[in-house]
Structure formats: C-alpha cells, structure tokens
Amino acid sequence: MQSEKLIQLLIDQTKDSINQAEKLKNDHIQTLTWKEDPASWNILECMEHLNLYGDYYLPQIKDKIKNSKTSSETHFNSGFLGGYFAKSMLPKEKLNKMKTFKDKNPLNSELDKSVIDKFINQQFELLALLEQSKKVSLNRIKIPTSLSRLLRLKLGDTFQFFIHHILRHLNQIDTIKESIKKTVPEHELS
C-alpha cells in the first residue's frame, strides 16, 4: 500500500475516534458506568483500557520516530505477524472475544469522565505522531509490542494494530449503548 494513503486513512480513522469520544462527554455518568453483567466492561472501562494501551504505545512510537535516521518510502509492506495482528483487531459483525492482560484490564476500576478527556488527548498525540511518521520509514522502524519487548512490529503495522484496537473498542461502546437502549428505561439514566 502507498505509505501516504495508509497514513491518511489512519488519520481519518483517528479523527473519527475523537468525534465519537467527544459525543460520550455528553452522556450521563449512569450511561457511562452501566454494565450488562458484572463481568463485562462499561463504557468508561473500555475507554480506560484504550488509555492503558496508549500509555504504552504512544511513548514507544514517539521515541522511535524522534530517534530515527530513516526516511520515508513510497510503499509500506505489512509484515506477516504485524498484518495478522492488525487484521485480528478490526471490528467484525460478531466480535471474537480476546483475553485482556491483567495490567490492561480496568474491570471494576473507579473511573469518571476524565477518562474520556485522557483518551481524546492521546488521540491528538496520535495524530501528531502520524503526521511525523510521514518523514520516516514505516517499514524499517520497529516498535516493541506490549506482549513482549522482543516481539517488534514495523511502525506501519503498529499504527494499524493500535488504531484497529481503538476501533474495536469504540465498536464495543456502540454495542453497549444499543444494549442500554433496549434494556434500560430512559428516565433511569438521567
């Protein structure tokens, strides 16, 4: 894929994520903390999960771009593993459940709307990094994954994986909101 097209697609997806999160700030705290069952995440827990990943990946990406001596290439070629991870994160009609690492699982955390602001701030940081990435190699810069520092993905694959993971959980938030509409009388959430 052309590097320029990939970065623009990821920028557009990130802007959409910001818009979706901005709308959540208008929701009542009862909506944001509603759970279908005790083992499932509420909306704020989904957002905090994304923040925890942002706390890991954004500094890694920033550091690698800042210290890179590479220059941009016309094409980005996804790696085998990176491409697989990125595709596995894309939202699907029937989401396949994935086990979350304990340090990235916010289940039953005390959270408030500041979680949404942190997410939005991280998305603006991501937009800046995507812009900066236009000047470096998406193929040759490698980012250590949160699974293992030994497992490294190309910068282009890391961006795709990270942003697809965000899209996946924003899709989950949409599903939670649909469940709320179906099961909770509106007057109970105000």
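Student: Is the crossing of helix 3 and helix 5 left-handed or right-handed?

Tutor: This is a predicted model. In it, helix 3 and helix 5 cross in a left-handed way.

Student: How is a pair of packed helices described?

Tutor: Two numbers are used: the angle between the axes and the distance between the axes. Here helix 3 and helix 5 pack at about 30 degrees, and their axes are 9 Å apart. Angles under 35 degrees count as roughly parallel, so helix 3 is roughly parallel to helix 5.

Student: Which residues make the contact?

Tutor: On helix 3 they include Met47, Leu58 and Ile61, and on helix 5 they include Phe119, Leu126 and Leu129.

Student: Which residues have the most contacts inside the largest nonpolar core?

Tutor: Among them are Met47, Tyr57, Ile61 and Leu126. That core has 50 residues. Helices 1, 3, 4, 5 and 6 each supply at least two of its residues.

Student: What does Tyr57 touch, leaving out residues up to four places away in sequence?

Tutor: Tyr57 touches Ile143, Pro144, Thr145, Ser146, Thr158, Phe161 and Phe162.

Student: How many aromatic pairs does the structure hold?

Tutor: There are 6 aromatic pairs. In the case of Tyr56 and Tyr57, the ring centres are 4.8 Å apart and the planes stand at 85 degrees, so this pair is edge-to-face.

Student: Are Tyr56 and Tyr57 buried or exposed?

Tutor: Both Tyr56 and Tyr57 are buried. They also belong to one aromatic cluster, together with Tyr53, Tyr84, Phe85, Phe161 and Phe162.

Note on methods. Residues are numbered from 1 along each chain as its sequence is written. This is a predicted model: local features need pLDDT of at least 70, side-chain atom pairs count only at pLDDT 80 or more; totals for chains, interfaces and linings use all residues. Side-chain values use heavy atoms; hydrogens and water are left out. A nonpolar core is a set of buried Ala, Val, Leu, Ile, Met, Phe, Trp, Tyr and Cys residues joined through side-chain atoms within 4.5 Å. Buried means under 20% relative accessible area, exposed over 50%, partly exposed in between (1.4 Å probe, protein chains only). Helices (H or I, at least four residues) and strands (E, at least two) are DSSP runs, numbered from the N terminus. Contact means heavy atoms within 4.5 Å. Rings of Phe, Tyr and Trp (its six-membered ring) pair if their centres lie within 6.5 Å; planes under 30 degrees apart count as stacked, over 60 as edge-to-face and the rest as tilted. Axes are lines fitted to C-alpha atoms, for helices over the stretch in contact, and angles run from 0 to 180 degrees between N-to-C directions. Angles under 35 degrees count as roughly parallel, over 145 as roughly antiparallel, 65 to 115 as roughly perpendicular and the rest as oblique. A crossing is left-handed if the near helix is turned anticlockwise from the far one by less than a right angle, and right-handed if clockwise.
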